[in-house]
Amino acid sequence: MTARHELAVIGAGPAGLAAATTATELGLEVAIFDDQPAPGGQIYRGVERTPLADPAVLGEDYRRGAGLAEAFRASGAAYHPSCGVWLLTPEREIGLLDNGQARFVTAGRVIIAGGAMERPVPFPGWTLPGVMTAGAGQILLKSVGMVPEKEVVLAGTGPLLLLLAAQYLRVGVRIAALLDMTPRSNALRALPQLPAALSAFGTLAKGLALKREIRRAGVRVVKGVTSLRALGEACLEAVVYEAGGREQRLDSELLLVHFGVIPDSNTTRSLGVRHLWDSRQLCWRPAVDAWGNTDVEGFAVVGDGAGIGGALAAEHAGRLAALEAARALGRIDVAERDERAAPARAAVVKELRVRPFLDALFQPAPELISRLDDDTVVCRCEEVTAGQVREAVGQGCTGPNQLKSFTRCGMGPCQGRQCGTTVSQLIGHTLGRPVEEIGAYRIRPPLKPINLTQLAALDSEEGEAA
Amino acid sequence: MFKKLHDDGAARVTVTIDGQAVQVPAGETVAAATLIHGLSPFRTSAVSGVPRAPFCMMGVCFDCLVEIDGTPNRQACQVRVAEGMAIRRQDGAGGSAP
C-alpha cells in the first residue's frame with residue numbers, strides 16, 4: 001500500500017527540521033525524508049554525534065544545530081533517514097529510495113528543503129583527483145574527523161572558505177596558501193549595500209574575526225588571484241595561479257576550492273516549478289512567495305534551496321512554510337497563521353538584510369565563466385569542453401537542451417548539476433543574450449540513480465498490495 | 001591525502017577494497033573509508049579514461065562512483081560501509097578495474 005502523509009518534508013537541514021517541528025506542533029501528521037543518516041543537513045552535519053574531541057573548533061554557529069535537532073527529535077515527526085527522493089510529481093506522489101528499497105508515498109502538501117550545493121566553477125585540471133571543494137573538506141571534518149594529511153591549498157571566494165581555513169587552523173592543519181579570488185572591485189560594488197548590512201553587525205563581525213584569526217596564524221593569503229590551474233597526471237601535483245599579472249606555482253597534493261553556494265535546483269526543476277535567474281547570486285532559484293509557495297499547487301520550497309539566505313533565514317522560512325501548510329490543510333485560519341508568523345517573519349527579514357552586501361562582496365568574477373579556456377572541461381561527466389559548447393553555439397545551438405543533442409553535455413550521471421549553471425551562462429555570453437532568455441536544462445526523474453532491481457521490487461510490491 | 005585527527009573509538013567493520021581486507025569505522029561512508037586508506041583514483045572516466053576521485057562529498061558530482069557488492073556506479077559518498085562489503089574501483093562506465 002502507498003502510505004499517505006498529511007505533510008511531507010524533504011530534507012533535514014535547518015529549514016526542514018524547523019518546518020517539520022513547527023508543523024507537528026500545529027497538529028499536522030508529518031513525515032520527513034532525508035538522504036543523510038542523521039539530521040542537520042550539510043551545515044549542521046554530524047551535529048548529534050560529532051567525531052571531534054572538541055566540537056568548539058567548528059565555531060559557535062554550529063552548536064545551534066544541536067538545539068534544532070533536539071527539538072525535532074522531541075516533536076514526534078516521523079523521521080526517515082537515508083531516504084532519498086528520486087521522483088516527485090505535481091500530484092504529490094513521492095518516489096523514495098529508503099535505505100536502498102524503492103517505495104512510494106503521497107502527501108497532502110510538500111515542503112521541499114533540499115538546501116544548497118557549492119557553485120561549480122570549471123578551471124583547467126578541476127577534475128583531477130586531489131582537487132575537491134571546500135565543502136567536501138568540511139564534510140570530512142564534521143562527519144568523520146578527517147583532515148588534510150599534508151599542506152593544503154585553499155582557493156576561491158566566500159565565507160565558507162574563511163570558515164574552513166579557521167577550522168583547519170584550530171585543529172593544526174597546515175595551509176600552504178589561501179588564494180583569494182574575490183575580485184578587487186567587489187568591495188567598492190558592495191559598499192552601497194553596507195548600511196543595510198550593518199543591522200546584521202554580528203554576522204559581519206564574525207567574518208572579520210575569521211580573517212583576523214587566519215592572518216594571525218601566519219597563513220599566506222594571496223589577494224587578487226585571477227586564474228587557477230591544477231596540474232598533474234594521475235593526481236594533483238601543483239597549483240598554478242595568477243595574481244597581479246604574474247604566475248606562481250605551489251606544489252601540493254590537495255586543493256580545496258569554493259565559489260559560494262547556489263540552490264540545488266534539480267528537484268524543483270523536475271517538478272516543473274518556475275525558476276528565475278538571480279543576477280545577484282548568479283544562479284537559478286525557484287520563484288516562491290513569502291510563505292515559500294511555488295506555482296505548483298501544494299508545494300513550497302524553503303531554505304537555501306529557494307535562494308541563498310543562510311542557515312538562520314532557512315530555519316525561520318521553514319517555520320513560515322509550516323504555518324502556511326497548517327492554514328492550507330485547515331488547521332488554522334489566516335489570522336492565526338499571520339499572528340504566529342510574526343516572529344519568524346521578522347527574523348527572516350533581519351537575516352536577509354545582510355545578503356545584498358555579502359552577495360556583492362563575494363560574487364565570483366564573471367570572467368571565470370565568460371573567459372573559460374576552450375580546452376577546459378565544463379561537463380565533468382561527459383567531458384565536454386567550453387570550446388565544444390562555443391562551437392555548438394556557432395553551429396546554431398541556442399540553448400542548454402539543444403546542447404545535449406549537439407554534445408551530450410549535461411547527460412551524464414550528475415544530470416547537469418555540475419555544468420548546468422555554467423552552460424546557461426556560457427551560452428548567454430557567447431550569444432550576447434541574458435541568461436534568463438537562455439534557460440536551463442529540463443530535468444527528468446529519476447533524480448537519484450535507481451537500478452532495475454530496485455524498480456522491479458517496487459512493481460511486485462504494488463502487485464501484491466493490489 | 002587525508003588523515004584522522006584521532007581514533008574516535010567507533011566499532012570497526014571489515015570491508016574489502018579491490019580484494020584487500022581493511023578495517024574501517026562503522027557508519028562511515030565508502031568514500032571516506034576509501035580516501036583514508038589512500039586509495040585514489042576511485043575510477044577512470046567513462047569518456048576518456050582519465051582518473052577521478054571524490055569532488056563534492058555530498059552527492060551532487062557523481063565523481064566518486066565505485067562498484068559495491070557487484071553493483072557498479074554507486075555513489076561512494078552516499079553509501080555507508082557494512083560488514084563484508086566488497087568495494088571495487090571502477091573502470092570507465094562500469095565494471096571492475098583490473
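This is a predicted model: local features need pLDDT of at least 70, side-chain atom pairs count only at pLDDT 80 or more; totals for chains, interfaces and linings use all residues.
Strand 7 of chain B gives the most, with 5 residues. By residue class, the lining of the second largest pocket holds 11 polar, 8 nonpolar and 5 charged residues.

## Cavities

How many cavities of 30 Å³ or more does the structure hold? There are 4. The largest cavity has a volume of about 190 Å³. Its lining is made of 18 residues. Closest to the centre of the largest cavity are Ser265(A), Asn266(A), Gly416(A), Gly420(A) and Thr421(A). The lining divides into 8 nonpolar, 7 polar and 3 charged residues.

Four elements of chain A each supply at least two lining residues: strand 17 (261-263), helix 8 (266-271), strand 19 (283-286) and helix 15 (420-431). Helix 15 of chain A has the largest share, 3 residues.

## Helix packing in chain A

Two packed helices are described by the angle between their axes and the distance between the axes. Helix 15 of chain A, which supplies residues to the lining of the largest cavity, also packs with helix 13 (residues 386-394) of chain A. The angle is about 50 degrees, and the axes are 10 Å apart. That value makes helix 13 of chain A oblique to helix 15 of chain A. Helix 13 passes helix 15 in a right-handed crossing.

A second pair in chain A is helix 3 (residues 134-144) and helix 4 (residues 159-170). Their angle is about 40 degrees, with the axes 10 Å apart. Angles under 35 degrees count as roughly parallel, and 65 to 115 as roughly perpendicular. Helix 3 and helix 4 of chain A are therefore oblique to each other. Helix 3 of chain A passes helix 4 of chain A in a left-handed crossing.

## Backbone details

Most peptide bonds are trans, and most residues other than glycine have a negative phi. Which bonds and residues depart from this pattern? In chain A, the peptide bond from Pro445(A) to Pro446(A) is cis, with omega near 0 degrees. Pro446(A) is found in the loop between helix 16 (435-438) and helix 17 (452-465) of chain A.

In chain B, a cis peptide bond joins Ser40(B) and Pro41(B), with omega about 5 degrees. Pro41(B) lies in the loop between helix 1 (30-36) and strand 4 (43-44) of chain B. Asp18(B) is a residue other than glycine with a positive phi, near 50 degrees. Asp18(B) sits in the loop between strand 2 (12-17) and strand 3 (20-25) of chain B.

Definitions and conventions
Residues are numbered from 1 along each chain as its sequence is written. Chains are lettered from A and ligands numbered from 1 in the order in which they are written. Side-chain values use heavy atoms; hydrogens and water are left out. Ala, Val, Leu, Ile, Met, Phe, Trp, Tyr, Cys and Pro count as nonpolar, Asp, Glu, Lys and Arg as charged, and the others, Gly among them, as polar. On a 1 Å grid over the protein atoms alone, a cavity is a set of points where a 1.4 Å probe fits but cannot get out, and a pocket is an open set with protein on both sides within 12 Å along at least five of seven lines; lining residues have an atom within 4 Å of a point. Grid points are joined across faces, edges and corners, and a volume is the space filled by probe spheres set on the points. Axes are lines fitted to C-alpha atoms, for helices over the stretch in contact, and angles run from 0 to 180 degrees between N-to-C directions. Angles under 35 degrees count as roughly parallel, over 145 as roughly antiparallel, 65 to 115 as roughly perpendicular and the rest as oblique. A crossing is left-handed if the near helix is turned anticlockwise from the far one by less than a right angle, and right-handed if clockwise.
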